[in-house]
Amino acid sequence: MKTKQNRIYLFFICFYLLFFSVLVAIGSFYDPEINKAVFNPENSFAEFFEIWGEVPRFAMWAPAAAVLLLTRHSLAECFEILHRLLPFIPVLSKNALETKAYRLLNFLVNAVEIIGFFVLCVLGWDKLIRNVGKYYVELSKPIWYALSAAAAVLSIALCSGIPKRILKKLEPLALAGILIGILYCFLPLIKGTVNRVRFREMVAFSNGIENAKDAAVTNSLLSTSDFSLFTQWYQKGNGGAILNGLKIGGESCPSGHVLSGTFSLLLPLLCSFFSRLKKFTVSACLLSFIYITVLGFTRMVRGAHFLTDISLGAILGMLFFLIALSAFKFFEKKKILPI
C-alpha cells in the first residue's frame with residue numbers, strides 16, 4: 001500500500017512540475033499577448049478568487065497551531081526529540097525529572113507552549129477572517145482580534161475532542177504546514193529580486209488611474225496603454241520606475257495567490273495519513289491541481305500576473321511542499337515523532 005501511495009505521489013509531482021514548466025516556456029514567448037487576450041478585470045469569478053484564492057494558506061495556521069497546542073511536549077519529551085535528532089544530546093535522567101528545578105522549568109516550558117501556540121492560533125484565525133472579511137465589512141483591529149480569539153478558543157475546544165492518537169498522527173502534518181508557511185515568508189524577497197511590473201498597473205498608470213484595482217480599469221484601455229516597462233521573468237524588472245508620473249510597483253513575479261493556493265497540496269498528504277482516507281488520495285491530488293490551475297488563470301484575467309508569474313508561483317509552491325515533505329519523511333524514518 002505504501003509503495004502504491006509513493007507511486008501516486010511521484011506521478012503527480014512529475015506531471016505537476018512538467019505541466020507548469022511547459023507553461024513557463026510558453027509564457028516566455030507570449031506573456032503580453034496572452035494577458036491582452038484574457039484581461040477582463042470586471043469578471044466576477046476572477047474577482048471572487050482574488051478575495052478567496054489565498055484561503056488554503058490562511059486556513060492552515062489556526063488548525064496547525066491547535067494541533068500543536070494539544071500535542072505539546074514536556075521538557076523531558078523535548079530532550080528526547082532533540083536526542084533523536086542529535087544523538088549527542090542526552091535525554092534527561094530519572095533523577096533529574098524528580099528535582100524542583102526540572103518541575104519549575106517544565107512548568108515554564110508548558111506555559112510558553114500554551115501561550116505561544118494559542119497566540120499563533122489567534123493570529124491564524126485573524127489572517128483568515130480579516131483578509132477575507134475586509135472585502136465585506138470595515139472593522140477595527142481590536143474587533144478583528146476579538147473575533148479571532150473567540151474562533152481560536154472554539155477551534156481548540158473542538159480539537160480537544162479528537163482522540164489523542166489521531167492528534168499525534170496529525171502533529172507531523174501540522175509541522176509540515178508551519179514549515180511551508182515559514183518558507184512562504186521568503187516571497188517578498190523573491191518578488192523584490194525579480195522586481196517585475198504587474199500588467200494591470202501598466203494599464204492603469206498609462207491611463208492616469210492611480211489604483212490598478214479601480215473599476216475604471218477595463219480591457220477597453222488596452223489600446224491606450226504603455227507596456228514598455230514589461231520584462232521577462234528572468235530579467236531584472238522595472239519596479240520603481242515612473243510611468244505617466246506615477247511610481248509603479250514590482251511585485252508581479254511569482255504569484256503570491258498561486259503560491260498560497262499550493263498549500264492545498266497538504267490535502268493529499270492528509271489523506272495518506274489515515275487508512276480510511278487513502279482511497280481519496282488521487283482525488284485530492286486532482287482537486288489541488290485544478291484549484292491551483294484555475295486560481296492562476298483568474299489572476300491573469302484580473303491582470304495581476306503573467307502566465308510565467310503564475311506558473312513559477314505553482315512551481316515554487318511545489319518546491320516548498322517537497323522540502324516540507326522531505327522533513328516529514330525524515331521524521332518518519334528516524335521515528336522522531338510521535339513521542
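Buried here means under 20% relative accessible area, exposed means over 50%, and partly exposed is in between, with a 1.4 Å probe and protein chains only. Helices (H or I, at least four residues) and strands (E, at least two) are DSSP runs numbered from the N terminus.

This is a predicted model, so local features need pLDDT of at least 70 and side-chain atom pairs count only at pLDDT 80 or more, while totals for chains, interfaces and linings use all residues. Residues are numbered from 1 along each chain as its sequence is written, and side-chain values use heavy atoms, leaving out hydrogens and water.

Let's start with helix α3. Of its 16 residues, 13 are buried, so α3 is mostly covered.

Now to the pockets. On a 1 Å grid over the protein atoms alone, a pocket is an open set of points where a 1.4 Å probe fits, with protein on both sides within 12 Å along at least five of seven lines; lining residues have an atom within 4 Å of a point. Grid points are joined across faces, edges and corners, and a volume is the space filled by probe spheres set on the points. In the lining classes, Ala, Val, Leu, Ile, Met, Phe, Trp, Tyr, Cys and Pro are nonpolar, Asp, Glu, Lys and Arg are charged, and the others, Gly among them, are polar.

| Pocket | Volume | Lining classes |
|---|---|---|
| Largest | About 540 Å³ | seven nonpolar, seven polar, 13 charged |

The largest pocket has 27 lining residues, with E54, R57, R198, K213 and H257 nearest its centre. Two or more lining residues come from each of α2 (44-52), α3, α6 (100-133), α9 (187-194), α10 (199-206) and α11 (256-261). Helix α9 gives the largest share, four residues.

For the second largest pocket, α3 gives the most to the lining, with six residues. At least two each come from α3, α8 (164-184), α12 (266-273) and α13 (281-301).

Finally, a look at T218, which sits in the loop between α10 and β1 (242-243). T218 counts as buried because its relative accessibility is 12%. Its side chain joins that of S220 in a polar contact of 2.6 Å.

Note on methods. Polar contact = N/O pair within 3.5 Å; in protein donor to acceptor, adjacent residues only side chain to side chain.
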